[in-house]
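Here's a walk through one protein model, written for someone who likes the cut-offs spelled out. Have the viewer open while you read.

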Amino acid sequence: MNIDCHMHTPLCGHASGAPIEYAKFALSKGFDLITFTCHIPMEWEAFGQKGIRMQRDQLDDYIEMVNEAAEAMKPEGLEVLCGIEAEVFPDETQLLPMDEILNEYPWDFVLGSLHAHCYSYIDWLKKRKVKDDHLIADCYFRHLIDGAQSGRYDSMSHPDVIRTYGVVRDFIPEDHEEVIREFLQAVADQDICIEVNTSGLNKGAYQVHPDPLILDWASELGVKLTIGSDSHRPDSIGQHFDWIQPMLIKKGFKDLHYFRGRKRQRIDMPGADLKC
Ligand SMILES: [Zn+2]
Ligand SMILES: [Zn+2]
């Protein structure tokens, strides 16, 4: 069984292709299940508004578009689920309107992302005078630990996205081993997942999120995985899965997970049988 559990829709303003186009592409590549996870609306504009995320009054359109794709694909044998990419943030009061959205709609899957390059987080660090790169990266993982323990999220997405967009100059996982292991342990204790996000491989010289070394530690600690291409256009569904999944097998991961109605489902780790 082949799955991809992270993709967007044009409602966010920086993705192209209707959900049905994503679904058709997924079907043509041999996928059995895909989950849409567009960016959740946030009230405070420091999280980015136009061009980053849909507005709150577009949520019904989002769900309708995904449901239409699901209906059209059912006879073809592709299951289409509707999730959301929610935000992780240290100031809980900023998350109250988001929590309403999480409770109000019947999501299949909730991703937890700390987009450290958003002004919301940059400003949080600045106000607390966190300037040093080492501290910023440690801080980021501490906030991911809080996120994992909050019970809000099913999977912590692109867990080392702190390495991208110039938030810190260099990110060397070994320099943060203690806090990263603490984060992975929190994920294991909560019995949620981390996401293997293959979009990082397209961002310059970066690696898969999380870094292969972090995946070694995750394997050691028995952390469960979801997988996502973070597609912002239909033809990047499943990008790099054909060699990342065999790498995960080598690292000792025997299974992958997806969520339907917020309930975790296990599948055998797929091999390299995709038509990518
Ligand atoms: Zn996006
Ligand atoms: Zn994201």
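Among contacts with a separation of 6 or more in the protein chain, 80% link residues 24 or more positions apart; a contact here means two C-beta atoms, placed from the backbone, within 7 Å. Bear in mind that this is a predicted model, where local features need pLDDT of at least 70, side-chain atom pairs count only at pLDDT 80 or more, and totals for chains, interfaces and linings use all residues. Residues are numbered from 1 along each chain as its sequence is written, while chains are lettered from A and ligands numbered from 1 in the order in which they are written.

The protein chain has 8 helices and 9 strands, taken as DSSP runs (H or I, at least four residues, for helices; E, at least two, for strands) and numbered from the N terminus. Its radius of gyration is 17 Å, close to the 19 Å from the globule rule for 276 residues, so the chain is as compact as a globular protein of that length. That radius is taken over C-alpha atoms, and the rule is 2.2 Å times the number of residues to the power 0.38. Along the principal axes, the C-alpha atoms fill a box of roughly 55 × 45 × 35 Å.

Now the inside. Buried residues make up 43% of the 276; buried means 20 or more other C-beta atoms within 10 Å of a residue's own, exposed means 12 or fewer, and partly exposed is in between, with C-beta atoms placed from the backbone. The largest nonpolar core has 72 residues, and Ala23, Ile34, Val80, Tyr140, Leu144 and Val187 have the most contacts inside it. Its largest share, 6 residues, comes from helix α5 (residues 133-149). Such a core is a set of buried Ala, Val, Leu, Ile, Met, Phe, Trp, Tyr and Cys residues joined through C-beta atoms within 7 Å. Leaving out residues up to four places away in sequence, Ala23 touches Ile34, Ala69, Met73, Leu78 and Val80.

On to the sheet: 7 strands form an open one with parallel pairing, in the order β1-β2-β3-β4-β5-β6-β7. The edge strands, β1 (3-4) and β7 (224-228), each pair on one side only; pairing takes at least two DSSP bridges between strands. Helix α2 (residues 59-73) packs on the sheet, touching β2 (33-39) and β3 (79-87), and its direction makes about 155° with that of β3.

How do α5 and α6 run relative to each other? The axes of α5 and helix α6 (residues 177-190) come within 9 Å and cross at roughly 10°. The two are therefore roughly parallel, a label for angles under 35 degrees. Axes are lines fitted to C-alpha atoms, for helices over the stretch in contact, with angles from 0 to 180 degrees between N-to-C directions.

Away from that sheet order, strand β8 (residues 255-260) pairs with β9 in the antiparallel sense over 6 bridges. Of the 6 residues of β9 (residues 263-268), 0 are buried, so this strand lies largely in the open. The hairpin has 2 residues between its strands, and Gly261 there takes a positive phi near 60°.

One more backbone detail: a cis peptide bond joins His209 and Pro210, with omega about -10°. Pro210 sits in the loop between β6 and α7 (212-220).

Terms used: Parallel < 35°, antiparallel > 145°, perpendicular 65-115°, else oblique.
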